[in-house]
Structures are given as structure tokens and as C-alpha cells.
Amino acid sequence: MRFVVCGEALIDLLPVETVSSAETRWAALCGGGPMNTAIGLARLGEETHFLGRLGNDAFGEQLSSYIEANGVATDLAVRSGDATSVAVVSLDAEGKAQYTFHFHDTSNFGWRREEFPQLTEDDWVHFGSIGAVVQPGAEAMVEFVRSTPASLSYDINVRPTVLPDRAEYFSRVEPLIEAVGSAAGILKASDEDICWLVDDDDPLPYVHAWCAEYGLSLAIVTLGAEGVVAVKPDGREYRVPGHAIDLVDTVGAGDTFMAGFLARFAERPDDVESALRWGAAASAIVCSRQGANPPTRAELIAFLGNRAEG
């Protein structure tokens, strides 16, 4: 199985020191949900290619070097003439990340139809987040997802500050869910993603309905510290609890969950619970570290073994 992860790579600016009322020092960290998932998959030993648009500035070079240094191939990536996208990150008292985005005329969102590669049934495309819904490239993304013969998984990864209107946001998301469903693919979202989109505090009825309506083979809802639940179109549910950890921050938690899930699911597609356990464990590890720093396969297996023994 070759994983092709499609979406954004950007720079996260995190405050590291307040020097004075007039000066804050920032760290420029490589980020972007799809890029994090690609690196997570590569660290778990999977053949992984990043399909994204990389900027022509110093930040673009930083991203390219980081992606390649982590064992992810960039042969499918597009070298854009645009500046690199930037997200300013704020962490609340519990370590939860909030983002303010600077995206206008930047590299991630200018997709054109001819920039997407021809893939095969032996490939697995994982995509999602804001790069799939922000214009002008969103329409080209939908066409690619609809036409590729590859297996599909889609992480909604809602960012309300980018598109604050719920109805408009769902109108961008729905064609992607339909495309994934037509290929009997997998949908992933957090409980917060779904609750915001549908303006309700119970995500599961909507997930069950989407599975049946769109033809998804599986829909996964991460529940933060409560773990994760996956839903089949026949109504079956699979639940895996979360892990008690010393939380540092949640940056990259959902992205890393999906890397762990996909790596295991590719090996054992009939064992959904095992794949969910891998995803939950990978997410717990990354939440115990600063920033999006996914585990290696050895670290993940050791973590799972220690928890089983405990």
C-alpha cells in the first residue's frame, strides 16, 4: 500500500517568550494537518508521499526539508510560486490550540486540475482539512477525489475561523463526503467538528445518517479524552477509550490519530478495533509532547504494550 496524503503544509507561529509589551518572540514550526498525518504514517514505517503545494519562500524550503527529512516523498508535491500559508497559534490553559490563519493568495489553496497525479487502485489517498474547502482550489480538489481510483479517507478537520458560516462550510464538505462515499471510503471527524457543522451537541446520530446516506464504509468520531467511536453503515459501533496522560498540548492530535489508524487498518482491514486502538495510542503520545511530533512504530508498540501490561 502506498499512502498519498493530500492537503496543506504551512507554518505554525507559536509564542515562546514575551520580551516586553512591545515584543513577543515566536517559533516558526512546520504544520498543517495533512502534512502531520503524512509524517505520522512515515514514522510508522509506511510508504508515504505528500501531495501538496509548497511555497517559493524560505518557509516553503523549510517545509520541504522537514517533510523529506521525515521520510515522506515529495515527488508528487507541486512547487508553487505563491508565498507559504501561515497560522498563528494560541494555546489555552488546558493546552488546546486555537488558530488564526493568514491564507490569502498563499500556496495551499491554488490547486489546478492538471496539478493532480494519476493514481491507481493500489494507492490510498488521505486528504482533508482546510485545503479541501478553501477556494480557488477546492473545486479542483473535489474533481480529483471524485475521479481517482485510489482508496479514500477524508478528515473534515473543521476550522470555523476560515468559513464561519455553518451552512456554507457544510456545502463545501458535502461534495467531498459524497465522493468518499461513492468509493466506499472512510470519513473521520472530531466530535467538535460535527457538533459545530450541525449546530447540535450530539454528533452520533448525524454520523449514522451520513454513513447510510452517502455509502461510507466507516465513519470515525474522535472524542478527545473520552477516546473514539467508529460507525458502520449497518449501525454497528466500535468504541475504544482514551488514555490518561500528562497533557502538554493537542497540536496534531487528530492528524496523528489518523496516521495510527491508517497504518494498522492497512495491515488488518477487518479489525477496526485494533486500528482504533493504534490511532488512540498515537494521539495520546503526541498530546504528551509539545507540538505535532508523531511517534515512531517502536514508540507506539511500546506504549500499547505498557498500557496492556498496566
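Predicted model: local features only at pLDDT ≥ 70, side-chain atom pairs only at ≥ 80, totals over all residues.
To start with the cysteines, a search of the whole structure turns up zero disulfides. Cysteine 195 is in no such bond, and the nearest cysteine sulfur to it, that of cysteine 211, is 16 Å away. A disulfide needs two cysteine sulfur atoms within 2.5 Å, so at 16 Å the sulfur of cysteine 211 is simply too far from that of cysteine 195 for a bond. Both of these residues are tucked away from the surface: cysteine 195 is buried, with a relative accessible area of 18%, and cysteine 211 is buried too, at 1%. For cysteine 195, the value of 18% counts as buried because the cut-off is under 20%.

Next come the nonpolar cores. In soluble globular proteins, nonpolar side chains tend to be buried together. Here, the largest nonpolar core is made up of 58 residues. Phe127, Tyr154, Ile156, Tyr169, Ile177, Trp210 and Leu216 are the ones with the most contacts inside it. Helix α4, which runs over residues 166-182, supplies the largest share of this core, with seven residues.

The largest pocket holds about 1,300 Å³ of space. Its lining takes in 50 residues, and those nearest the pocket's centre are Lys96, Glu192, Thr250, Ala253 and Gly254. Several helices and strands each give two or more residues to this lining: the strands β2 (10-20), β8 (97-102) and β11 (186-190), along with the helices α1 (33-43), α5 (191-198), α7 (253-267) and α8 (272-287).

Around it sit Arg113, Phe116, Pro117, Gln118, Leu119, Ala140, Glu143, Phe144, Ser147, Thr148 and Pro149. By class, the lining of this second pocket splits into six nonpolar, three polar and two charged residues.

Definitions and conventions: Residues numbered from 1 in each chain as written. Heavy atoms only, no water. Buried < 20%, exposed > 50% of the residue type's maximum accessible area, 1.4 Å probe, protein only. Core = buried A, V, L, I, M, F, W, Y, C linked by side-chain atoms within 4.5 Å. Helix = DSSP H or I, 4+ residues; strand = E, 2+ residues; numbered from the N terminus. 1 Å grid on protein atoms, 1.4 Å probe; cavity = no way out; pocket = protein on both sides within 12 Å on 5 of 7 lines; lining within 4 Å. Points joined across faces, edges and corners; volume = space filled by probe spheres on them. Nonpolar A, V, L, I, M, F, W, Y, C, P; charged D, E, K, R; others polar.
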